[in-house]
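Welcome to this short tour of a protein model. Have a look at the sequence and the fold first, and then read on.

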Amino acid sequence: MKKIKILLCGLSIACILTGCGQTVELTEEENEIITEYAVGLLLKYDKYYSNHLVDLADYEEETAEPEPEEVLPEESPDMEEDVIVDTPVVDMAEEEQQASTIEEFYNIEGIAFQYAGYELRDEYPEIAEDSETLAFAMEATDGMKLLVLKFQAVSQNGVETELNMMNYGTKVRVSVNGESPKSALSTMLLNDLQTFHGSVGPEGPVELAAVIEVPDGTNVESLSIVLRSDSDSATLTLQ
């Protein structure tokens with residue numbers, strides 16, 4: 001019923017304005033006023049319409065995510081620019097002086113070791129057939145030769161000194177013609193440089209030896225030995 005009354009009011013207004021067929025010209029502003037009034041009446045009696053205004057600011061505050069604040073480091077007048085300092089590079093190999101002699105490497109006092117040359121042998125030591133002395137001898141394998149490096153242990157103070165090379169736990173390797181060093185053979189020779197145990201005195205030098213195998217026909221041009229312990233190593237050029 002309310003909607004019918006509203007429509008009748010609107011028709012009445014239109015009839016009054018038209019005046020039974022007589023056209024009444026209205027200005028644009030008057031048309032807007034009449035239109036707004038008619039719309040207002042229609043919405044006033046519409047139960048589905050609510051004229052309460054909603055403040056959207058509350059929704060914007062809830063849904064809007066706060067923007068992260070940019071944190072800038074505080075500048076301090078005491079802060080200084082990084083200063084690059086040139087540090088000299090120290091070559092440790094230059095500072096560490098390698099031993100130049102066998103006795104220096106072993107730290108043996110009163111005895112000096114002298115290189116006495118080498119031999120290429122099929123057997124070492126050579127034992128005479130008529131010898132009655134029992135001794136250990138080494139034989140080269142087929143196609144190989146025994147390269148025997150000889151050393152002399154000499155007393156420097158003329159006093160008999162006990163020498164036990166096994167106490168030092170040093171491994172001996174031999175390089176021939178600049179090739180990779182080979183480990184000296186483990187032998188039962190009484191004069192093995194690695195295992196000798198005896199006395200060195202004023203009566204004369206004691207001959208010691210280090211033995212490796214090389215291919216038959218090897219021409220020895222240069223020789224060096226490498227001494228290595230648990231904590232140190234040294235390479236000594238022999239020839």
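## A sheet of strands

Strand 6 (residues 171-176) and strand 10 (residues 223-228) run antiparallel and are joined by 6 bridges. Strands here are DSSP runs of E with at least two residues, helices are runs of H or I with at least four, and both are numbered from the N terminus. Within this pairing, Val176 sits opposite Leu223 of strand 10.

The two strands belong to an open sheet of 4 strands with antiparallel pairing, in the order 7-6-10-11; strands count as paired if DSSP finds at least two bridges between them. Strand 7 (182-183) and strand 11 (233-237) are at the edges, each with a single partner strand, so one side of each has no neighbour in the sheet.

## How the model was made and read

This is a predicted model, in which local features need pLDDT of at least 70 and side-chain atom pairs count only at pLDDT 80 or more, while totals for chains, interfaces and linings use all residues. Residues are numbered from 1 along each chain as its sequence is written, and side-chain values use heavy atoms, with hydrogens and water left out.

The chain has a mean pLDDT (the predictor's confidence in each residue, from 0 to 100) of 77, and 59% of its residues reach 70 or more. Over residues 1-11 the pLDDT is below 50, and this stretch has 4 contacts (heavy atoms within 4.5 Å) beyond near neighbours in sequence.

## The nonpolar cores

A nonpolar core is a set of buried Ala, Val, Leu, Ile, Met, Phe, Trp, Tyr and Cys residues joined through side-chain atoms within 4.5 Å; buried means under 20% relative accessible area, with exposed over 50% and partly exposed in between (1.4 Å probe, protein chains only). The largest core has 32 residues, of which Phe113 and Ile225 touch the most other members. Strand 9 gives the largest share of this core, 5 residues.

Leaving aside neighbours within four places in sequence, Ile225 is in contact with residues including Ile102, Phe151, Val174 and Leu236. A second, separate core of 8 residues includes Met138 and Leu146.

## A loop residue

Where is Thr218 found? Thr218 lies in the loop between strand 9 (206-215) and strand 10. Not counting residues up to four places away in sequence, Thr218 touches Leu120, Val176 and Asn177. Leu147 is 71 residues from Thr218 in sequence, and their C-alpha atoms are 9.6 Å apart in space.
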